[in-house]
Amino acid sequence: MREGQAAVIHRADYQPPAFWIDTVELCFDLDPAKTRVLNRMRLRRNPDVPVQPLRLDGEELNLARVLVGGQGTSFKLEGGQLVLENLPEGHEPFELEIFTTCAPAKNTKLMGLYVSNDSFFTQCEAEGFRRITYFLDRPDVMASYTVLLRADRRRYPVLLSNGNLVDQGELEDGRHYAKWVDPHRKPCYLFALVAGQLVCREQRIASRSGQEHLLQVYVRPGDLDKTEHAMNSLIDSVAWDEARFGLPLDLERFMIVATSDFNMGAMENKGLNIFNTKYVLASQSTATDTDYANIESVVGHEYFHNWTGNRVTCRDWFQLSLKEGLTVFRDQEFSQDLAGEASARAVKRIEDVRVLRTAQFPEDAGPMAHPVRPDQYLEINNFYTVTVYEKGAEVVRMMYTLVGRDGFRRGMQLYFQRHDGQAVTCDDFAQAIADANPGSKLAELLPQFKRWYSQAGTPRVQASARWDAAAGTYTLTLGQTCPPTPGQPVKEPVVIPVAYGLLDDQGRELASGLHVLTQASETLSFQGLQAEPVPSLLRGFSAPVVLEFDYGDAQLLALLAHDTDPFNRWEAAQRLALARALRFVAQPHEPVALDAPFVDAMRGILRHPTLDAAFKELVLTLPSETYIAEQLEVVDPPRIHAVREAMRQQLAQALQADWEWAWEAHQVGGAYRPDPVSSGRRALAGLALTHLCLAARASADPVWPGKAYQRFKDASNMTDRFNALSALVVSGHELARPALQRFHAMFKDEALVLDKWFALQAGAPDRGGNVLPAVRQLMQHPDFNIRNPNRARSLIFSYCSANPGAFHRPDAAGYVFWSERVMELDAINPQVAARLARALDRWNKLAEPLRGAAREAIARVAAKPDLSNDVREIVTRALAD
Ligand code: B3K
Ligand code: ZN
């Protein structure tokens with residue numbers, strides 16, 4: 001094994017730490033080129049573990065001095081670890097002092113301590129703290145931190161770390177200092193510091209018990225006017241966690257700091273959350289309704305980690321879903337509760353399920369498939385996945401369904417009673433929820449239920465029905481299977497809560513309930529019915545499974561018209577559209593011609609007198625190309641793209657008058673507000689405008705593109721402006737070019753808006769292979785910078801991961817571009833490179849010659865010497881598929 005070429009880590013190999021670290025005193029002399037870190041720790045041997053040397057993790061550090069009890073000592077550097085063999089025997093605490101330096105300005109990985117826009121930031125989860133100092137960099141070692149920050153006062157006037165500010169003052173040579181003490185013990189992945197020229201919005205709040213807290217949102221000077229929504233979201237989050245779960249804010253001060261260079265969305269460091277600017281900054285002229293909703297949900301998510309993640313943390317990184325699945329569930333519930341009304345809640349649920357199906361289901365069917373609690377990894381950063389997060393949240397949601405709302409709250413209370421201040425496992429969580437609900441289905445079925453944590457793959461539920469007219473009996477048979485995944489050839493049945501209803505032909509509900517499916521096959525029977533009912537199965541998407549039922553069009557149309565469950569109403573429309581798309585894909589020589597009943601049903605929804613605009617927009621949006629691809633054994637992405645575009649073009653033309661009505665009827669007047677009703681109206685108007693511009697393509701009528709251009713110029717908010725711009729780009733109208741130019745000129749100083757500008761062009765529908773040359777040209781644009789993750793994502797990922805019709809080119813030029821960028825990024829930022837590497841996860845399903853070309857591109861990356869563990873793990877697994 002080469003140096004730095006790590007070995008696979010197995011969950012089964014977990015060992016408790018040989019030492020505990022009780023206190024940490026860190027002193028930083030911050031300097032971009034060379035930051036000095038003095039780390040003074042009190043450690044003691046773990047009495048439960050045989051005596052052994054102390055092995056501290058470190059990465060890219062320069063070691064200057066090691067003292068034990070104030071005296072010099074012998075040490076070794078072994079495989080990146082600092083090894084100390086001559087430590088005091090016995091179980092008394094001893095003091096260890098380590099002095100190192102690091103180079104934050106050279107840190108392009110954005111892990112550990114780095115510089116962005118002349119400010120210092122840290123990112124320690126999962127294993128970044130070892131890039132700051134030598135440490136037991138594992139989540140089950142929890143310590144009390146005192147942090148002294150010293151830096152030039154003019155360049156770095158604001159000095160922040162976790163906890164409370166206990167001292168600050170002047171030093172010589174224009175330097176100053178700040179001392180922070182965190183009152184809570186924490187694992188090192190929750191450590192943070194920030195230093196720079198920042199300003200903040202502040203708000204004092206009182207909790208239910210009357211406790212006072214200071215909330216702060218720090219940004220660069222000039223961005224302060226974009227922090228109101230983040231602050232309001234934080235205030236809502238604090239109130240919600242207290243009201244819904246009885247979990248109060250446990251800190252005097254809670255800070256959020258935004259940075260434009262960040263590998264992911266945000267980070268829940270104790271009391272000092274660090275955020276990607278994308279999830280903090282919003283003004284009506286720069287952010288869309290979707291941005292506003294995302295900010296609310298990410299602010300909530302990080303705040304909720306304060307209990308689920310920080311107060312109770314993970315024993316080891318295999319347990320990541322303990323905090324992530326649970327916290328996603330909590331942020332989803334938060335957003336639903338804030339949305340309020342039943343149909344707005346359903347809209348949020350549909351959006352969440354759409355993410356699960358378009359991102360997690362493919363992951364679970366591909367070479368990277370892993371259980372919610374993985375069994376092995378080479379690089380833990382590769383396991384911050386939709387499976388751990390979103391499928392993990394569905395697993396928590398199923399527990400919630402099985403024990404009920406009150407039962408779940410009781411379970412959470414017991415979880416904190418038992419484990420507050422501890423580092424625990426997914427088993428501990430499930431056990432607490434079950435123990436708080438004796439007699440529940442969860443308690444009864446717990447061992448089987450926990451297969452959701454250990455088995456990868458998306459289970460399929462096969463439902464079939466028999467109608468006995470003479471007896472008036474309807475029999476439903478539910479079966480379950482799960483396809484094999486890498487390393488798991490055989491699957492056991494899991495516990496699947498199936499929420500259902502039966503409708504009569506007038507749409508009246510005849511029966512409803514929750515069936516908990518546990519066997520490979522089970523039968524339910526309903527007596528005394530007058531006529532064959534229509535089954536509405538898996539209501540609210542009650543389990544993360546694929547439901548197979550041979551619905552006829554008439555049944556789906558009935559569900560679309562009448563189901564009391566809004567999720568299944570939407571699902572019926574998706575099934576109708578999907579069946580058509582699959583038929584057209586399978587018949588390449590037949591014209592793509594939508595039938596009148598389907599078009600009429602779509603018109604019926606669009607014109608419906610009482611349904612919400614947001615819901616209509618979801619129903620009228622065709623299933624994504626990725627979702628269609630998932631249904632097929634062999635995938636030809638350009639063909640799927642062509643079919644979906646043709647279907648959309650027909651809906652545009654066949655419903656032209658209705659789209660015109662929808663556009664006129666859903667204009668939103670008055671002051672901008674990103675609430676569910678107004679944003680739903682803007683979304684539907686935007687969809688209408690896109691269809692009207694598409695219809696204009698066929699007729700060459702300039703009216704609607706002209707209106708779109710006008711709206712693009714006049715819009716009073718970014719949602720309307722961007723929707724209009726996107727309508728022009730998507731329809732390929734000649735006005736798209738001047739509009740894009742104008743948009744760039746208007747927002748040349750707004751980084752987050754420029755990201756949208758890049759993303760829109762990289763994600764545009766392919767016309768004769770025009771997207772890739774445009775992307776290559778945009779790489780040369782003065783505003784493009786591959787080192788900035790947001791910018792790299794907006795251009796490169798939007799093309800490779802979010803534009804399958806343009807990326808999967810028969811000439812393989814898309815794959816060549818991909819392999820070049822993966823290798824280029826790997827030298828800069830392996831985490832971002834590994835995300836991009838996953839764009840070809842599903843290569844094995846591609847139709848030839850795409851399949852062979854994709855494999856070749858992956859092999860080219862795999863053959864590169866000095867590949868990071870991050871990318872190596874992804875491409876090795878892909879090639880083994
Ligand atoms: N816990 C962080 C993710 C850290 C990712 C490290 N590669 C953000 C979150 O889930 O809230
Ligand atoms: Zn999280």
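These notebook entries record what I looked up in a predicted model.

**Conventions.** I number residues from 1 along each chain as its sequence is written, and I letter chains from A and number ligands from 1 in the order in which they are written.

**Ligand 1.** I began with the shell of residues that have a heavy atom within 4 Å of the ligand. Ligand 1 is surrounded by 15 residues, and Glu125, Glu268, Glu302, Asn381 and Tyr389 are the closest. I sorted the shell into 6 nonpolar, 4 polar and 5 charged residues. In this scheme Ala, Val, Leu, Ile, Met, Phe, Trp, Tyr, Cys and Pro are nonpolar, Asp, Glu, Lys and Arg are charged, and the others, Gly among them, are polar.

I then looked up polar contacts (pairs of N or O atoms within 3.5 Å). Glu302 places a polar side-chain atom 2.7 Å from an oxygen atom of ligand 1. For His305 the corresponding distance to an oxygen atom of the ligand is 3.2 Å. A side-chain N or O atom of Glu324 lies 2.9 Å from an oxygen atom of ligand 1. On its own, ligand 1 has 340 Å² of accessible area, of which the protein covers 94% (Shrake-Rupley method, 1.4 Å probe).

Strand E21 (266-267), helix H2 (289-305) and helix H3 (320-339) each give two or more residues to the shell. The largest share, 3 residues, comes from H2. Helices (H or I, at least four residues) and strands (E, at least two) are DSSP runs, numbered from the N terminus.

**Cis peptide bonds.** I noted a cis bond from Glu125 to Ala126, with omega near -5 degrees. Ala126 lies in the loop between strand E11 (119-123) and strand E12 (142-152). I noted another cis bond from Glu848 to Pro849, with omega near 5 degrees. Pro849 is placed in the loop between helix H25 (830-837) and helix H26 (850-862).

**Nonpolar core.** I took a core to be a set of buried Ala, Val, Leu, Ile, Met, Phe, Trp, Tyr and Cys residues joined through side-chain atoms within 4.5 Å. Buried means under 20% relative accessible area, exposed over 50%, and partly exposed in between (1.4 Å probe, protein chains only). The largest core has 283 residues, and Leu96, Phe408, Phe429 and Trp818 touch the most other members. Helix H5 (residues 386-419) gives the largest share of this core, 13 residues. I listed the contacts (heavy atoms within 4.5 Å) of Trp818 beyond four places in sequence; among them are Cys800, Phe807, Leu836, Leu840 and Val861.

**Helix H9.** In H9 (residues 553-562), I found Gln555, Leu556, Ala558, Leu559 and Leu560 buried. Their cover includes strands E28 (496-503) and E31 (534-537), and helices H10 (566-586), H11 (596-606) and H12 (613-619).

**Loop residues.** Leu538, which is not a glycine, has a positive phi of about 60 degrees and lies in the loop between E31 and strand E32 (546-548). Leu538 counts as buried because its relative accessibility is 6%. Ala700, also not a glycine, has a positive phi of about 55 degrees and sits in the loop between helix H16 (676-699) and helix H17 (703-714). Ala700 is exposed, at 63% relative accessible area.

Definitions and conventions:
Predicted model: local features only at pLDDT ≥ 70, side-chain atom pairs only at ≥ 80, totals over all residues. Heavy atoms only, no water. Polar contact = N/O pair within 3.5 Å; in protein donor to acceptor, adjacent residues only side chain to side chain.
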